[in-house]
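Colleague: Could you walk me through the charged pairs in this protein? Please keep it simple.

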Amino acid sequence: MGHRLGPDVFGNVVAGRASAGQKALMGANDAAAQLDNNNPVFQEHLLNLQKPDRHAALDALKKIRPLTWAQLYQDNGLQWEKIIGVKPPAGIDAVYSMRITQARRCTAFREGEFLQ
């Protein structure tokens, strides 16, 4: 399957799947992907979504909660994809996009064991 290009809900161009570094970690990384729901930026974005999108985001979080990082990277429904052309925060490998619904994606990054 080739790489797809397209915008996420914030207009960032996304393409591909997990990075080579993440793929190398997949076999050895069975740690749970922890959610950081106390992040004020996350809370602001979540609470400002329209009701249907907010519910879809919460459903996606419910799906992610029991997953390991390896499972999250490989999940066909979430489609964890690296965003091209977006500078990640200091100390972060890259910013990624994942599917919330058929029509909506969100941006995220891994910080240690936490999904931000």
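This is a predicted model: local features need pLDDT of at least 70, side-chain atom pairs count only at pLDDT 80 or more; totals for chains, interfaces and linings use all residues.

Modeller: Residues are numbered from 1 along each chain as its sequence is written, and side-chain values use heavy atoms, with hydrogens and water left out.

Colleague: How many salt bridges does a search of the whole structure find?

Modeller: Side chains of opposite charge can pair when their charged atoms come close. A salt bridge needs a side-chain nitrogen of Lys or Arg within 4 Å of a carboxyl oxygen of Asp or Glu. Searching the whole structure gives 4.

Colleague: Which residue forms a salt bridge with aspartate 75?

Modeller: Aspartate 75 sits in the loop between helix 4 (69-74) and strand 4 (81-82). Helices (H or I, at least four residues) and strands (E, at least two) are DSSP runs, numbered from the N terminus. The partner lies in helix 3 (residues 51-64), so the pair ties together parts 12 residues apart in sequence. With closest N and O atoms 3.1 Å apart, the partner is lysine 63.

Colleague: Is glutamate 81 buried or exposed?

Modeller: Glutamate 81 forms a salt bridge with arginine 105. Buried means under 20% relative accessible area, exposed over 50%, and partly exposed in between (1.4 Å probe, protein chains only). Glutamate 81 has 3%, so the answer is buried.

Colleague: At what relative accessibility does glutamate 113 count as partly exposed?

Modeller: Glutamate 113 meets arginine 110 in a salt bridge. Arginine 110 counts as buried at 17%. For glutamate 113, the value is 33%.
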